[in-house]
Amino acid sequence: MKWLFAIAFALVLSACTTTTKPANNFAIGIVSSGDFQLIQPGAKTYAWHPKSGVAYVESGVSKKTLKHVFNEAISKSLEEKGYQRVSLKQQPNFIVGYGVAVESELNDDDLFDKTQLATGIPASDFGNAEQKGTIFIAMYNYPLMELKWRALAQGAAAPELEPEKSEERIKSYVDTMLKEMPVAQ
């Protein structure tokens with residue numbers, strides 16, 4: 001009888017407890033697909049994809065400045081790995097393309113349709129951000145330009161920052177996205 005009373009008491013106490021769901025606070029979410037086998041031993045050169053630098057951003061943002069900032073960030077990251085940028089005419093070892101977007105201009109469903117990648121993380125999980133910013137980087141073999149590797153990163157959009165003031169943050173996101181890329185041999 002005492003054990004029956006103990007079980008009933010435990011059930012009553014467990015019914016009175018509440019658990020709070022921990023808040024997520026991601027700095028960046030990344031998903032990738034493919035591998036870096038497109039980069040053969042001895043490969044040291046890359047070129048920009050002809051359609052690289054597409055930007056789905058709000059009208060007040062300079063797309064030209066944004067493209068410059070992302071070109072620099074990706075170029076520096078690849079240079080640190082030993083790769084040199086050349087023109088397509090110089091027959092690079094591989095091709096790199098990228099695009100950027102904010103959620104208000106290109107939502108997750110449209111992003112998935114274009115990239116076949118999704119992080120599945122809502123904007124609210126990025127430090128209570130109002131919307132997400134997205135970076136998409138893709139690598140293609142040359143000369144066939146077949147997509148071989150791609151990554152999508154999402155984090156809190158910071159529209160209050162000028163692109164030039166975001167350079168360090170953007171570079172760190174690019175470095176994280178390209179972390180698994182082999183160093184040029």
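A salt bridge here is a side-chain nitrogen of Lys or Arg within 4 Å of a carboxyl oxygen of Asp or Glu. The model is predicted, so local features need pLDDT of at least 70 and side-chain atom pairs pLDDT 80 or more, while totals for chains, interfaces and linings use all residues. Residues are numbered from 1 along each chain as its sequence is written, and side-chain values use heavy atoms, with hydrogens and water left out.

**First stop: E80 and K171.** Select these two side chains and you will find a salt bridge at 3.0 Å, N to O. E80 sits in helix α2 (residues 63-80) and K171 in helix α4 (residues 167-177), so the pair ties together parts 91 residues apart in sequence. Helices (H or I, at least four residues) and strands (E, at least two) are DSSP runs numbered from the N terminus.

Buried means under 20% relative accessible area, exposed over 50%, and partly exposed in between (1.4 Å probe, protein chains only).

**Second stop: D108 and K132.** Their side chains meet in a salt bridge of 2.5 Å, N to O. This pair links helix α3 to strand β6 (residues 132-141), 24 residues apart. D108 is partly exposed at 29%, and K132 is buried at 1%.

Just after α3, look for Q116, with a positive phi of about 60 degrees.
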